[in-house]
Amino acid sequence: MENSIKAKKKFGQNFLKDSSILTRIIQSMPHNNNHIVEIGPGLGDLTQNLVKYKDTTAYEVDTDLISILKSKFAIEIHSERFKLIHTDVLEAWDKDGTLHEGKYDLIANLPYYIATNIILRAFEDVNCENIIVMIQKEVAKKFSSKVNEKEYSSLGVMTELISKESRILFDVPPESFDPPPKVMSSILYVSKDTSVELDKDFKKFLKVCFSQPRKKLSKNLSSIMNKEFLSNIYNELDIKETLRPHEVSASLYSQLYTKVKNGKHKRNSK
Ligand code: SAM
């Protein structure tokens, strides 16, 4: 490995070495004038391809990699085509609320230990328009899942509501990385519908809805509201009492949430 850098497990470091995969990621980039944000540039193999096409900002937490990247991209940093930020990306989001002041697309081979968190933060970031990220295949299936599918859960519901389109572009086997991860990976593509903002408590509501995935949704909801309130909402929305969490569409979850939120004051009263 380059400069005899040893991959650090604690930072989820699996460096992508297959140039055909790098090419396919670049070919999947949306055709627009957006800035690019990369999380975890690592040794800079994907970065090198990104900066050829667009101005790019990258967030890297590992001090050892920062010095390698600074010398590798000295020209691009000097000409301001490439901005390298040495920080934990989640802290950057906490501090600034966005990873770039202006429309951007997130393109990255994510550290898997925080991939779900990163994608959910990107959903909330109003400047982020498109997401093309390499993550664990199982997680990618959850994000891109649709109603009635086995993997459909709160991540699928949120993705459906926040996006115009979401799908897995292709799979990437462990051999494409150094060191190889234990799991199969996939490239997830999400084109956000920027007119949509999810309410901050919606995620908590979905957690309740999917708390016991095989039980009826009404059973799960009964933990946060009384029977009468629940049956009124079901009647108003014409929901079948027997439905299970994975059988409810994202738009119906959204309507349910609005009703529950608006009736908060009476949902627990007798
Ligand atoms: N982009 C490189 C590639 O494709 O070969 C490396 C990808 S590697 C899977 C994940 C990268 O994310 C590593 O460079 C790691 O140091 C970095 N990373 C891990 N946690 C991070 C965090 N909290 N904030 C920013 N970067 C992080």
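P179 sits in the loop between strand β8 (177-178) and strand β9, where strands (E, at least two residues) and helices (H or I, at least four) are DSSP runs numbered from the N terminus. The peptide bond leading from D178 to P179 is cis, and its omega is near -5°. The model is a predicted one, in which local features need pLDDT of at least 70 and side-chain atom pairs count only at pLDDT 80 or more, while totals for chains, interfaces and linings use all residues. Residues are numbered from 1 along each chain as its sequence is written, and side-chain values use heavy atoms, with hydrogens and water left out.

Another loop, between α4 (74-78) and β4, holds E80. The phi of E80 is near 65°, a positive value in a residue other than glycine.

The strands come next. Seven of them form an open sheet with mixed pairing, in the order β4-β3-β2-β5-β6-β9-β7; two strands pair if DSSP finds at least two bridges between them. β4 (82-86) and β7 (163-172) are at the edges with a single partner strand each, so one side of each has no neighbour in the sheet. On average, neighbouring strands of this sheet are turned by 15° against each other, direction ignored.

Within the sheet, β5 (residues 104-109) pairs with β6 (residues 128-136) in the parallel sense over six bridges. Y104 stands opposite C128 in β6. Helix α6 (residues 115-124) lies across β2 (35-39), β5, β6 and β9 (185-192), and runs at about 170° to β6. Axes here are lines fitted to C-alpha atoms, for helices over the stretch in contact, and angles run from 0 to 180 degrees between N-to-C directions.

Two packed helices are described by the angle between their axes and the distance between the axes. Helix α8 (residues 154-162) packs with helix α12 (residues 250-262) at about 95°, the axes being 9 Å apart. That makes α8 roughly perpendicular to α12, a term for angles of 65 to 115 degrees. V157, E160 and L161 in α8 meet A250, S251, Y253 and S254 in α12, contact meaning heavy atoms within 4.5 Å. By class, this contact of α8 with α12 has four nonpolar, two polar and one charged residues.

There is also a ligand. Of the 23 residues around the ligand, L16, G40, E60, N109 and Y113 come nearest; a residue counts as near if one of its heavy atoms lies within 4 Å. A polar backbone atom of G40 is 2.7 Å from a nitrogen atom of the ligand. For N109, a polar side-chain atom lies 2.9 Å from an oxygen atom of the ligand.

Note on methods: Parallel < 35°, antiparallel > 145°, perpendicular 65-115°, else oblique. Nonpolar A, V, L, I, M, F, W, Y, C, P; charged D, E, K, R; others polar. Polar contact = N/O pair within 3.5 Å; in protein donor to acceptor, adjacent residues only side chain to side chain.
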